[in-house]
Amino acid sequence: MNKDCHDFAFTDLDDTQELPLQRLIRHWMNERHAPDILPIQAELLAGILDHIHKQSSTVNLLRTDPEASGDEHFRIMLAQTEIERVKFVVRSYVRTRLSKIEDYARWILSDSSLHGRLSETELKHAQSYADLLTTHFEESVLKALPGNQRSLDDKVIPPMVTPPDITKPVFVLARRDCPPVYLPDGTKMEMKKGQISLTQYRVIDSLLFQDHVELV
Amino acid sequence: MVQTYHQFCDLATQLVTESRRSTASDTLFKYNDPLVRQIIREQRQLEAFIQSVLADSPETFTGETPALLIYQTTILRNKRCLLAYHNHRIERLKDMYWAVGGALPHLLSSADIRSKLSPLEVDFLKKYSSQVMDFRSEFSDELDIMAGITEPPKDLNVLVKVIRDCGVIQTELGSIDFRKGQRFMVRRADIEHLIVQGYLEEVQ
């Protein structure tokens with residue numbers, strides 16, 4: 001990593017200066033890139049949704065105001081566009097999680113230590129989706145098989161409950177100087193602030209959970 | 001019974017090949033009920049083989065019946081292929097469901113698609129749709145999580161051409177009666193679902 005890159009000044013990597021929207025975008029990108037389901041940013045999400053709600057009502061109020069000048073109408077339009085764009089990010093974040101939850105529903109349910117990463121609504125959806133899929137398998141295949149072939153938990157390889165592929169390669173950007181992590185071959189890797197690496201997801205997952213790094 | 005296959009798992013391989021072809025050609029094939037039934041028949045037959053071997057052999061496993069191992073492996077493989085086939089179809093159906101913005105009636109009203117689904121798959125879609133609707137209702141009215149996530153919105157308004165009549169729609173500008181051939185400048189969020197379902201077309 002050369003000096004120029006450091007000078008490129010990742011000042012926005014500073015937590016205190018990060019706006020809620022920037023945080024949301026960071027978590028959204030993390031979620032999009034990570035193979036595993038990440039902890040839900042419930043507080044952040046609630047704050048943003050609340051803000052969208054307030055902004056929309058203000059905009060609606062201003063829009064119907066006959067006193068508003070052309071200039072103000074222009075500003076309102078900008079605000080509305082921005083709201084739509086924020087909504088897009090929220091939607092994409094929620095949907096990315098939803099798709100992972102469905103893909104790994106049975107895996108998530110089998111390990112209660114993962115439940116904390118999901119919101120209550122998401123956990124409910126994981127449960128009902130897993131039930132739905134199991135029912136579908138039972139009705140269309142298993143029911144017709146001889147009794148001792150009906151289980152969905154055969155001890156076979158590959159296992160019947162699919163976990164996420166944590167060996168997937170990811171691009172990771174250090175937001176600050178990171179504690180060392182170990183690569184699959186045993187070598188130690190210490191990332192400096194602003195450094196970007198390509199590595200397996202499982203190598204850096206603990207750094208990601210502590211917000212030391214972000215996926216890009 | 002005329003054997004139409006020569007080796008165990010041939011049929012299951014056919015079934016999985018069909019899934020692969022479906023992905024490769026990006027099309028949904030008709031649910032292959034005859035083949036699924038045939039494989040299930042093979043499974044019962046295998047089970048009967050196992051039972052007959054067991055009946056002839058001594059109580060404890062002596063390693064003198066390697067046939068058992070072959071039957072058991074075949075059973076597991078067939079079962080896995082059957083499940084993989086069904087799972088693959090479900091994933092495809094879900095993709096189709098989200099591609100039309102969750103408009104299930106729109107999807108199921110197409111005779112072409114309907115003819116390719118098994119009754120159980122139609123059931124699945126209906127229940128899935130209601131689960132997703134439950135999930136959606138947890139969010140406020142302002143944020144519709146079903147709306148598109150492929151293109152971030154660049155403009156508030158969009159110029160659309162009406163492809164098919166879709167009746168009166170409530171928009172920010174009041175209700176508009178969309179009739180074929182007309183053009184409107186409308187709020188994107190109000191009519192996005194109609195673009196997705198092919199009623200309106202964006203004019204570039």
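Student: How far does the backbone oxygen of Ser128(A) lie from a polar atom of the side chain of Gln131(B)?
Tutor: Quick housekeeping: this is a predicted model, so local features need pLDDT of at least 70 and side-chain atom pairs pLDDT 80 or more, while totals for chains, interfaces and linings use all residues. Residues count from 1 along each chain as its sequence is written, chains are lettered from A and ligands numbered from 1 in the order written, and side-chain values use heavy atoms, leaving out hydrogens and water. A polar contact is a pair of N or O atoms within 3.5 Å, one able to donate a hydrogen and the other to accept it within protein, with sequence-adjacent residues counting only if both atoms are side-chain atoms. The distance from the Ser128(A) oxygen to the Gln131(B) side chain is 3.0 Å.

Student: Is Gln131(B) buried or exposed?
Tutor: Gln131(B) sits in helix α6 (residues 119-136) of chain B, and touches His125(A), Ser128(A), Tyr129(A) and Leu132(A), not counting residues up to four places away in sequence; contact here means heavy atoms within 4.5 Å. The cut-offs are under 20% relative accessible area for buried, over 50% for exposed and partly exposed in between, with a 1.4 Å probe and protein chains only. At 12%, Gln131(B) is buried.

Student: In what order do the three strands of the open sheet in chain B run?
Tutor: Strands (E, at least two residues) and helices (H or I, at least four) are DSSP runs numbered from the N terminus, and two strands pair if DSSP finds at least two bridges between them. Five bridges join β1 (residues 157-162) to β4 in chain B, antiparallel, with Lys161(B) partnered by Arg183(B). The antiparallel order in chain B is β4-β1-β5.

Student: Why is one side of β4 and of β5 in chain B left without a neighbour in the sheet?
Tutor: Look at where they stand: β4 (183-187) and β5 (200-202) of chain B are at the edges.

Student: At about what angle does helix α7 of chain B run to β4(B)?
Tutor: Axes are lines fitted to C-alpha atoms, for helices over the stretch in contact, and angles run from 0 to 180 degrees between N-to-C directions. Helix α7 (residues 188-196) lies across β1, β4 and β5 of chain B. Its angle to β4(B) is about 120 degrees.

Student: What radius of gyration does chain B have?
Tutor: The radius is taken over C-alpha atoms, and the globule rule is 2.2 Å times the number of residues to the power 0.38. A compact globule of 204 residues would come out near 17 Å. Chain B's C-alpha atoms fill a box of roughly 85 × 35 × 25 Å along the principal axes, and its radius of gyration is 25 Å.
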